[in-house]
Amino acid sequence: MFIFCFNIINYDRMNLIQHINKSDWGTSIYFMEENGDAYGRAYIYSDAPKTIYLEGLSVIESKRNKGFGTEIQEVRENYGRSVGCKYSMLVVKSDSWMRKWYERRGYKNYGPHDLENHIWMKKKL
C-alpha cells in the first residue's frame with residue numbers, strides 16, 4: 001500500500017508545504033516553509049501509532065530566531081495530536097543547545113540513544 005498527499009498549510013508567519021507518504025510501515029510527514037528556509041520531518045510507525053517521532057528540524061541561519069523553527073515544531077506536534085498521537089519523541093545530542101530548546105518546549109530526557117552522546121526526549125501531547 002502506498003498513499004501520497006500534498007497540502008499547503010497557511011500558518012501564522014509562513015505558508016508550509018506538507019507532504020504525507022503512507023505505506024505499510026507507517027506514515028512519514030515532511031513540512032517545508034514555502035521558500036525552503038525551514039523544514040522538519042515526522043514519522044508515525046504502524047506498530048507505535050500513539051507516538052509521533054520528530055526528526056530533522058532545520059532553519060537557515062538568516063531566518064533563525066524569528067519563530068520559524070517554533071512554528072514548524074508546533075505544526076508537527078499538532079499533526080500528531082490530530083491523528084491521535086499521545087506522545088512526541090525525538091533524538092538530540094545530550095550536550096547541544098537543541099536539548100535546551102526542546103526542554104523549554106516541554107520535552108524531558110527519556111534515556112540514552114544508541115548514538116554516542118545522544119538521548120531520547122519525550123513529551124506528552
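A polar contact is here a pair of N or O atoms within 3.5 Å; within protein, one must be able to donate a hydrogen and the other to accept it, and residues adjacent in sequence count only if both atoms are side-chain atoms. By that criterion the side chain of Ser46 reaches the backbone oxygen of Asp24 at 2.9 Å. This is a predicted model, in which local features need pLDDT of at least 70 and side-chain atom pairs count only at pLDDT 80 or more, while totals for chains, interfaces and linings use all residues. Residues are numbered from 1 along each chain as its sequence is written, and side-chain values use heavy atoms, with hydrogens and water left out.

**Overall fold**

- The chain holds two helices and eight strands, where helices (H or I, at least four residues) and strands (E, at least two) are DSSP runs numbered from the N terminus.
- From the N terminus on, the order of elements is β-β-β-β-β-α-β-α-β-β.
- The radius of gyration of the chain is 14 Å, close to the 14 Å that the globule rule gives for 125 residues, so the chain is as compact as a globular protein of that length; the radius is taken over C-alpha atoms, and the rule is 2.2 Å times the number of residues to the power 0.38.
- Along the principal axes, the C-alpha atoms fill a box of roughly 40 × 35 × 25 Å.
- Of the 125 residues, 39% count as buried (buried is under 20% relative accessible area, exposed over 50%, partly exposed in between; 1.4 Å probe, protein chains only).
- Among contacts (heavy atoms within 4.5 Å) with a separation of 6 or more, 41% come from residues 24 or more positions apart.

**Confidence**

- The mean pLDDT of the chain is 90, and 93% of its residues reach 70 or more; pLDDT is the predictor's confidence in each residue, from 0 to 100.
- Confidence is lowest in strand 1 (residues 2-10), with a mean of 65, and highest in strand 8, at 98.
- Where pLDDT is low, the predicted coordinates should not be read in detail.

**Strand 8 and its partners**

- Strand 8 pairs in the antiparallel sense with strand 6 (residues 87-93) over seven bridges and with strand 7 (residues 108-112) over four; two strands pair if DSSP finds at least two bridges between them.
- Met121 of strand 8 is the bridge partner of Leu90, and Asn109 also stands opposite Met121.
- Strands 7 and 8 form a hairpin with five residues between them, and Asn117 in the turn has a positive phi of about 65°.

**Glu77 and Lys123**

- Glu77 lies in helix 1 (residues 68-82) and is buried, with a relative accessible area of 5%.
- The side chains of Glu77 and Lys123 make a polar contact at 3.0 Å.
- Leaving aside neighbours within four places in sequence, Glu77 is in contact with Ser88, Tyr107, Lys123 and Leu125.

**Ser46**

- Ser46 lies in the loop between strand 4 (38-45) and strand 5 (51-59) and is partly exposed, at 46% relative accessibility.
- A polar atom of the Ser46 side chain lies 3.3 Å from the backbone nitrogen of Gly26.
- Leaving aside neighbours within four places in sequence, Ser46 is in contact with Ser23, Asp24, Trp25 and Gly26.
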